[in-house]
Amino acid sequence: MPMQYRSEVVSSRRAGQYHVLTLTAGSISETTKPGHFLGVAIGGDESGLLLRRAFSIHGVQERGVFGGTVDIVVAAHGPGTRWLVGRHRADPLDIIGPLGRPFSLPRDPVSCALVGGGYGSAPLFMLAEHLRARGCRVDMVLGASTEEKLFGVLEAKRMASTVTITTDDGTLGETGRVTDALGKVMDDHDTDVVYACGPMPMLAAVADMASDRGVYSQCAVEESMACGVGVCMTCVLPVIGDDGVTRMVRSCVEGPVFRGDRVRWSDVGTIPPDTLGAPAVEGGTR
Amino acid sequence: MTRAVVRPAEALRPQTHDEVDMSTSLAGLDLPSPILTASGCAAAGKELDQFFDITEIGAVVTKSIMPEPRSGRATPRMAETPSGMLNSIGLQGPGIASFIERDLAWLRQRGARAVVSIAGDTVDDYARLAKTLRMQEGISAIEVNISCPNVEDRGKVFACDAGSSSAVIQAVRRNTDSRVPILAKLSPDVTDITTIALACVRAGADGLSVINTLLGMVIDTDRLRPALAGVTGGLSGPAIRPVAVRCVWQIRQALPDVPILGMGGVRTGLDALQFLLAGANAVSVGTMVFNDPSAPLRVHRELQTALAERGFTRLVDAISYAHGYLDRDQQTLDPIDEDVDAVADEQ
C-alpha cells in the first residue's frame, strides 16, 4: 500500500545528462519492488506547479544512516524537473510511493532480456538484481539518441551477462536503435522473457518483436499523469483485458507495467472504436 | 501576500483551544465535518482511503456516473497550468450498474457517507439514473452534474441554460426519494450564475454545488496544436478560487437560505474558511488532492485551527459571516458617525 512521506534529499549527483537523487523514504524502501514508481510533489507547499512528477524507482537501501532511502533518476526538461534537480542535501520533499504494479518475476530460472531507452533504464537494475537472485540469466540492451543520454552503462556491465549498447548517432556502441540489436540478443541467448522501459515507440517496437517470436514481454509505460494514485483518469491507454475486451486503463494503478501483447500500441492516444464505452456516433477520437 | 487576521471579537468571545464544533448541515444532511471530496477528484474514495480515513471527512463525492460504461476522450487529457490544471477526461466510467455493484457497495461497507454524482446526455438519462439510485441504500445525497452537453439541444451545456438546468433537476427530483437531498452543480461559465441557481432551486434542488470547472484551453507551442485531444477542457485548482468565492458570495446574497457546497481551488484551511465566510455550508477539496492525497483531512484540521484562532466555537457561526461586515463596522463606529458609504469606501 502506498504511503505519503515527508522526505529529505540525502544526495543529488549528476549521471551524464541526468541527476540521481537519493531520498529518505522510511518504510517505502521496504515495500518497493522493481517497476514501482514514486510521486514527487514539486515546489513546496505554496507551489503553483500542482501535479506530482512520477519517477520509476531506480534503487532502494532498506537500512542505512538515513533509515530507508530510495533513488530516482531525473531528467531536467521542464520547470518541475528543473526545480527538483536544484534540490540540495536536507531539502524537504513530499513523496508518495511505492506506486503502481511492479514487474512480475518468473518462477523459473529463465533467460531474460532487459531493454532500456534513455533513462527509462532506471528501474531495470533493481529488476536485474531480483532476476539474478532467482537464477535467471540477464542480458541488457541500453539505447539512447546519443552517449550522454544513456543511463547506467557501468551498472549494467556489473549485473548482466552481456550488455549491448546502441546510440542513434553512433557515439557509443552500435549505431541504431535497441530493436536493431535486440533480435540478435534474443537469438544468441534463447530469451524467454523481455522486460522493457522507455519511450512509447520503443516499447511498441520491443513488444512487437517479442510477440513475433512468441516471447513474453513486460513493458513499463511512460504516460503523463496528474495524481499517480488512480483518481484522475488522465494516464489511460487502450489495453486488452483477460476477457478480450479493450478498456482505457490507468497506467498509474493498473500499470505502469503491462504485458506487451495486451497494450494496443498503435492506438495509444486514441479511443479505438471497439473500446468498452467508446463513443458510438463520432466513432473514436478527435 | 499578506493576510490580516481579523478577529470577530465584537461578536464572539476569543477561543483559546481548538475544540471547535466542526459539524455542519447541508440541505438537511448532518455532517460531522464540513470537508468533502469533489466529483472527479476522488474516484469513489477507495484510492484516497489509503492516505487518510475517508469516514472522518464530511462525505465522498463520487466521480460523475452515467447510465452506460464510457471510455472517455483520447489522450492527452490533461495539461498543467499556473496554479491549476486543465482536464478533458470525458466522463470515463463503468456505468451505473457497475458503480452500484462495486463502488457504492464498497463505500457502504466502509461506512463512508456517499454523495453520488450523476451525469447524462439527455434529461431522460438523468431521470433513469435517479430511478436506479432510488433503490439503493447508503446514499447521503445526489449531486447532479449539469455541465454536460445536452445532445437534444445541439450539445449546449445544460448548466448554461436555465430551462435545461431546470428540466434536469425536475427529472431527478421526481425520481428521487424526498429524504435524499439533491444538489445541482453549477457552471461558472454563465452570464449570471444566480439566475441558474434560482432556476435549479425552483425546480427542486435542495442545495447547490458551486462551482464546476471553467472552460479553458492550452496550446502546445512545440506541437503547434491544442494541448488536449479534446481541444478545450475544464480549468480547476487554486487559479480559479477567486471566481468560485465570488460565485458563492453572489448566490448567498441572492438566495440567503439555499444550502451551498462551495468548491474551487481549496488548498488550505484558510481557503476553506473563505468559502464558509462567503456563504458555503460545506466545502469540497478537489484538484489539490492530486497534489496532496491527504488534503481533505489536512484542510479539515487547518480549518478547525483557523476557526479557533478567530474565536469561533462552532463552524456554523462562520457560515456567511463575511456578509455582515458592513453592519459590524457600523456597530463599532462612533454613534455620531452614520456615514455608511464612507465606511464602505474604506474597505
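Which residues of strand E3 (residues 37–40) of chain A are buried on one side, and which on the other? In this predicted model, A:Phe37 and A:Gly39 lie on one side of the strand, and A:Leu38 and A:Val40 on the other.

Strand E3 of chain A has two antiparallel partners described here. With strand E4 (residues 53–61) of chain A, the pairing runs over 4 bridges. A:Ser56 is the bridge partner of A:Phe37 in E4(A).

Chain B contains an open sheet of 8 strands with parallel pairing. The strand order is E3-E18-E17-E12-E11-E8-E7-E4. Strand E3 (35–37) and strand E4 (60–61) of chain B form the edges, and each pairs on one side only. Helix H6 (residues 269–278) of chain B packs on this sheet. The helix touches E3, E17 and E18 of chain B, and its direction makes about 145 degrees with that of E18(B). Strands E17 (residues 260–263) and E18 (residues 282–285) of chain B pair in the parallel sense over 3 bridges. B:Met263 stands opposite B:Ser284 in E18(B).

The two chains also meet. In chain B, 33 residues are in contact with 30 residues of chain A. Strand E5 (78–81), strand E6 (84–87) and helix H7 (288–291) of chain B each give two or more residues to this side. By class, the side of chain B that touches chain A holds 16 nonpolar, 12 polar and 5 charged residues.

Terms used: Residues numbered from 1 in each chain as written. Chains lettered and ligands numbered in written order. Predicted model: local features only at pLDDT ≥ 70, side-chain atom pairs only at ≥ 80, totals over all residues. Contact = placed C-beta atoms within 7 Å. Nonpolar A, V, L, I, M, F, W, Y, C, P; charged D, E, K, R; others polar. Pairing = 2+ DSSP bridges. Axes fitted to C-alpha atoms, helices over the stretch in contact; angles between N-to-C directions. Buried ≥ 20, exposed ≤ 12 C-beta atoms within 10 Å, placed from the backbone.
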